[in-house]
Amino acid sequence: MERDYRIETKCIQSGWHPKCGEPRVLPIFQSTTFKYDDSDQMGRLFDLEAEGYFYTRLQNPTNDAVAQKITELEGGVAGMLTSSGQAANYYAIFNICETGDHIIASNTIYGGTFNLFGTTMRKQGITCTFVNPDASYEELCEAFRPNTKAVFAETIANPSIVVLDIEKFAKVAHDHGVPLIIDNTFATPINCRPFEWGADIVTHSTTKYMDGHAMAVGGAIIDSGNFDWDAHAEKFPGLTSPDESYHGITYTAKFGKKAYITKATAQLMRDLGSIPSPMNAFLLNIGLETLHLRMERHCENAQKVAEFLQGHEKVAWVNYAGLPDNRYHALAEKYLPNGTCGVMAFGVKGDRETTVRFMDALQMVAIVTHVADARTCILHPASHTHRQMTEEQLKEAGIEPDLIRLSVGLENAEDIIEDLKQALALI
Ligand SMILES: *Cc1c(COP(=O)(O)O)cnc(C)c1O
């Protein structure tokens, strides 16, 4: 084991450790398969008796190095990459739930995850109760059922920018014997490490800040190793009793703190196959190397833009937790003392048509179905990402029909502000 470096150093140094004479930069092992000298060596890999690579759907050295870096950034014990954030959240739940089970999720989560939990997983017999993230401990307790297996929420909700009281959610989950799973996409481990506040598992859409350049869709799941599955063995038989599809292995008995990620790899990735290409993992790693620098600038620029918008007569409201009068400012100061992220929400005065005219008048700030990239971009969830939701569902998810989601990039803040200013002048 090497020294426990600070997070900026981990962004650069973690994951790939070349031996004497090996490439300095993480190589792209663009190979589906790996060669062995005798049949017995290969057989032991299939029995999970030896560690090694045999087929990229299960494991690949490039992917593993990047998963290891994210694991170290989050302070976890094991991690894996997936081909998208959607796959990460699906695996994170499906790894501990089966037909007949139930989960609890914040109702402000990303629209794609909301559909996954509310519609698609329901068809597989896993139901979800959506709760208000601001609900009291007692109100949250009411959502639990005997078959509840996990609680899920986002550190900073996309796009309503609700900051989660992670400790409250961790307590309610643990008091009911289930893990807290946190989607930490918007905060990134640079600004918040949910394990330090009691979360058990963290997921990411690496597509966002971690990649940071809008190049590769991807996801990650990281386990803290802190949840004691065996203490609640009857709830989690998939981890605590023999897996007949894997030679009768019991994951917790054989892999201890790595049981959860080993099962997700050996069973879910084997059967469902949402693996990223090594090329995409390589691109993600380049993004991770500058994550600490970029997050700082995203937050600095967003703070300036939020203050500008708040002071503008044609802007009806601004939601950015960095603003002192924001409803989530106190939670942000506690959980995200170095800044939240570059994403904010606001509304312009006028009707829906005014919103559309404002967006169409922007010159540099682009209308893009994306957030958290180096280029400033903007989106109107009610007409774009969340258009399948009813007005009522939008309101429940904290999304006003006039909500504009602005993702502040890494350009000069004055240029971003000038573009917004000229577009506001035209409405
Ligand atoms: C984008 C996003 C996802 C989905 O990730 P993809 O990489 O697009 O599949 C999940 N959670 C959050 C918070 C997101 O912003």
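**A histidine and its surroundings**

Modeller: Happy to! Leaving out residues up to four places away in sequence, His 380 touches Arg 352, Thr 355, Met 359, Pro 401, Asp 402 and Leu 403. Please keep in mind that this is a predicted model. His 380 sits in the loop between β11 and α16, the latter spanning residues 391-396. Is the histidine buried or exposed? His 380 has a relative accessibility of 1%, and because the limit for buried is under 20%, the residue counts as buried. One is the side chain of Ser 383, in a polar contact of 2.4 Å with the side chain of His 380. The other is the backbone oxygen of Pro 401, which the His 380 side chain reaches at 2.7 Å. Pro 401 is also one of the residues that His 380 touches.

The strand β11 leads us to another loop. Ala 372 lies between β10 (366-367) and β11 (377-379). Its phi is positive, about 65°, although Ala 372 is not a glycine. Ala 372 is buried, with a relative accessible area of 0%. Ala 214 is found in the loop between β6 (201-205) and β7 (219-223). With a relative accessible area of 41%, Ala 214 is partly exposed, whereas Ala 372 is buried.

While we are on backbone geometry, there is a cis peptide bond to look at. It joins Asn 158 and Pro 159, with omega at about 5°. Pro 159 belongs to the loop between β4 (148-154) and α7 (166-175). Another loop proline, Pro 324, is placed between β8 (315-319) and α14 (329-335). Pro 324 counts as exposed, at 64% relative accessibility. From Pro 324 to Ala 397 there are 73 residues along the chain, and their C-alpha atoms are separated by 23 Å.

Now to a pair of helices. The axes of α4 (residues 85-94) and α11 (residues 259-272) come within 10 Å and cross at roughly 115°. This crossing is right-handed. On the α4 side, Tyr 90, Tyr 91, Ala 92 and Phe 94 take part, and they meet Tyr 260, Lys 263, Ala 264, Leu 268, Met 269 and Leu 272 of α11. Sorted by class, this contact has nine nonpolar residues, no polar ones and one charged residue.

Met 269 comes up again in the surroundings of Arg 57. Not counting residues up to four places away in sequence, Arg 57 touches Met 269, Arg 270, Gly 273 and Ile 275. The side chain of Arg 57 also reaches the backbone oxygen of Arg 270, at 2.6 Å. Where does Arg 57 lie? Arg 57 is in the loop between α2 (39-46) and α3 (61-74). Its relative accessible area is 30%, so Arg 57 is partly exposed. Pro 194 is 137 residues from Arg 57 in sequence, and the two are 29 Å apart in space, C-alpha to C-alpha.

Let us go on to Lys 10, in helix α1 (residues 7-13). Lys 10 is buried, with a relative accessible area of 14%. Its side chain is joined to that of Asp 4 by a polar contact of 3.2 Å. Setting aside neighbours within four places in sequence, Lys 10 is in contact with Asp 4, Tyr 5, Lys 69, Glu 72 and Leu 73.

Finally, the cysteines. How many disulfides are there? The count comes to zero. Cys 11 is in no disulfide, and the nearest cysteine sulfur, that of Cys 299, is 14 Å away. Cys 341 is in no disulfide either; its nearest cysteine sulfur is also that of Cys 299, at 6.6 Å. Cys 11 is buried, with a relative accessible area of 0%, and Cys 341 also counts as buried, at 0% relative accessibility.

Methods. Residues numbered from 1 in each chain as written. Predicted model: local features only at pLDDT ≥ 70, side-chain atom pairs only at ≥ 80, totals over all residues. Heavy atoms only, no water. Helix = DSSP H or I, 4+ residues; strand = E, 2+ residues; numbered from the N terminus. Buried < 20%, exposed > 50% of the residue type's maximum accessible area, 1.4 Å probe, protein only. Polar contact = N/O pair within 3.5 Å; in protein donor to acceptor, adjacent residues only side chain to side chain. Contact = heavy atoms within 4.5 Å. Disulfide = S-S within 2.5 Å. Axes fitted to C-alpha atoms, helices over the stretch in contact; angles between N-to-C directions. Left-handed = near helix turned anticlockwise from the far one by under 90°. Nonpolar A, V, L, I, M, F, W, Y, C, P; charged D, E, K, R; others polar.
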